[in-house]
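These are my notebook entries on one chain, written while I had its sequence and its fold open side by side.

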Amino acid sequence: MRSNGGGSWRQNQFLLIYVAMIMFTVAQVKGNISASDISILYKRLGDNEPLCSCDQCSKLKVQDLRTYTTGAGISNYSDEKDINVIVAYSDISGAVRTSSVKAEDLSSSWIWENPLGNKLPHHVKDPQQLNGILPPQIQLKNDHHTPVDGQLDGDRIQHLGKSAIKPVKLLRKKLREERWKQRTAELIRQEKEMDNQMQEAAIERSQNLDTTAKTQYSIWRRDYENPNSDSTLKLMRDQIIMAKVYATIAKAKNDTGLYTSLIKHSRESRDAIGEATTDTELDLSALEHAKAMGHALSVAKDQLFDCLTVARKLRAIIQSTEDNINAMKKKSAFLTQLAAKTVTQPLHCLSLLLATDYYNLQDTQKKDLDKAKVEDPSLYHYAIFSDNVLATSVVVNSTLTHTAEPEKHVFHVVTDKLNFAAMKMWFLANLPPKATVQVENIDDFKWLNSSYCVVLRQLESARMKDYYFKANLSSSLSVGADNLKYRNPKYLSMLNHLRFYLPEVYPKLEKILFLDDDIVVQKDLTPLWSVDMKGMVNGAVETCKESFHRFDKYLNFSNPKIYENFDSNACGWAFGMNMFDLREWRKQDITGIYHHWQNLNEDRTLWKLGSLPPGLITFYNLTFPLQRSWHVLGLGYDPALNKTEIDNAAVVHYNGNYKPWLDLAISKYKSYWSRYLTSDNPYLQHCKIIQ
């Protein structure tokens, strides 16, 4: 009995503690829980179902709980966003867990359902309060987690049955799978976009790759089959750079011994490298020098290394190297221009030898031309204005090689007084069979004087003479430094501008094909006389590709006279092979148009010197575009031209500095020109042009 009494006393004590907890919980949620929040609990337990299993509390009914929740002054709130909802979920062990969250924080994927089949009362803050109230099959366990901000984390409830949770889990799983699919599709789309962007960038880089730059490297060399073929060479060069850095620092700190050692090793490494471009070309002692240099650098690093100081020295070396490179580029440009325009010794020999033989001829040995052929408009006439005997001979020979009726072709060659005798003698000694070659001296054109020719008057002006012949003056030098190629003496020669006076030079002709002396003919050109030019004066091949070689490349569109009269995107074309309709020329007074714009450009503000810019202006909207296969340009500067296009072209043009008769010539293009030289010609052999 004592035992029972003790047990009863302990039960009464537990009951008092439990009631106190209930009252404390009710006080906590006072004013925040509506009566409807626990309606589902009433339905689950029933109004007459005891809340506790003990005898002392058997009379405590749900009705009494209703009294606590409604009669205690708990206010009813209609705003469900502030409701604390006890949600149930299953953990990895399969047990059901509960937690309290606000309704406004729930996502649309949550299902408002609990293991009991109804919602738990929101006013119950701690599920432990339901122990003894809920049916025995529901057992709440406390993981001793402390509630934070009214929310319980870590509470667990035993799973009533897998069938009650399975639909919820399936729905969540379905939602997760949908999100995974959407995310996967998005990632795939992004990956495809990145692949496309990388591919476009790679194509753009390949298109912008400069294949014309000349360096000491070549992908066709055997030693470049091995990517590490110059690893030792690169190491030694890097060592020399670092030795220069540390030597400078050592000298600044008066460390004479270390400075002398570094300079000595640098000199030995440079001697070992010599002219080598790969490891196989290095001296046998190079590796030993590299090891010795490495040891010296290690000592120098231990004694002198300071990050800021070394970085400053390296930047100074980079700046100095860039300055040297820029200076070398300027020297290279000057020397290239000089080499391209200087008469080489073989060409000078040829001119002297031919001129000597011409003046030794008797008058009876100088053949007279057939005047009827020279002025017959029904024949095929060519105009070549040149002071280069050898180049002119190649143009004539290559043209006649591909024609079926050489007797119908007449070549009008105009040269200057200095080269007239040599040019005349060449075609007297090497007259093409059946064809007609007329050689004239430009000084014999008495009508071509400064009173009529604008450009001749400008070339004789003091300003132009100062530009060309007083280059030592600072003003002239500063003007010409940026445009070295325009200071070429060829622009002083009227042979360069005679093309704008073709109707005056050949008054009896109706059509004439103008050819530069640096071209080679590879096909029959007679079909050009049958091309319908649709009333245009000039027939030429356009040179613009995308944004290249358009009018804005040649003309100054910042000048309103150019801006208001021409389209900057108009397509440029090339002098070198041009069919001119001299009838339309005379009808539209093309020479007058040329004179007008040449007068406006007296101060060279509309364009620089040269014949192409005034040609673009003079024949603006008067040029008929020929098919590209008629004329391929670039053999004098671009080593990356398409060989098929060159082979299929009717005319190839060596425009640029690398002329085929110079040592500067691009070797793979030289054969197109040299094949038309006569190997057994005594003049060429004597001057060692052909050996």
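I looked up the pairing of S5 with S8 and found that the two strands run parallel and are joined by 2 bridges; strands here are DSSP runs of type E with at least two residues, helices are runs of H or I with at least four, and both are numbered from the N terminus. Two strands count as paired if DSSP finds at least two bridges between them. Within this pairing, Tyr382 has Leu513 of S8 as its bridge partner. I note for everything that follows that the model is predicted, that local features need pLDDT of at least 70 and side-chain atom pairs pLDDT 80 or more, while totals for chains, interfaces and linings use all residues. Residues are numbered from 1 along each chain as its sequence is written, and side-chain values use heavy atoms, with hydrogens and water left out.

**Entry: strand S8 and its sheet**

I then asked which strand S8 pairs with in the antiparallel sense, and over how many bridges. That strand is S11, and the pairing has 5 bridges, with Phe580 of S11 as the bridge partner of Ile512.

I checked burial next, where buried means under 20% relative accessible area, exposed over 50%, and partly exposed in between, with a 1.4 Å probe and protein chains only. Because 5 of the 5 residues of S8 are buried, the strand is largely enclosed by the rest of the structure. Lys511, Leu513 and Leu515 point one way from S8, whereas Ile512 and Phe514 point the other way.

Why is H12 largely enclosed by the rest of the structure? The reason is that 9 of its 10 residues are buried, among them Phe420, Lys424 and Trp426. The cover over the buried residues of H12 includes H9, H11, S6, S7 and H24.

From the H9 side I picked Leu350, which is found in that helix and is buried at a relative accessible area of 2%. Leaving out residues up to four places away in sequence, Leu350 touches Leu390, Trp426, Tyr683, Leu684, Cys687 and Ile689, contact meaning heavy atoms within 4.5 Å. Leu350 and Trp426 are 76 residues apart in sequence, yet their C-alpha atoms are 9.5 Å apart in space.

I recorded a second open sheet, of 3 strands in the order S9-S14-S13 with mixed pairing, whose edge strands are S9 (519-521) and S13 (631-632). S9 and S14 (residues 651-653) pair antiparallel over 3 bridges, and Val651 of S14 is the bridge partner of Val521.

Asn254 has a positive phi near 60 degrees; it sits in the loop between H5 and H6 and is exposed at 67% relative accessible area. Asn621 has a positive phi of about 65 degrees; it lies in the loop between H21 and S12 and is exposed at 58%.

**Entry: totals**

Of the contacts with a separation of 6 or more, 72% are between residues 24 or more positions apart.
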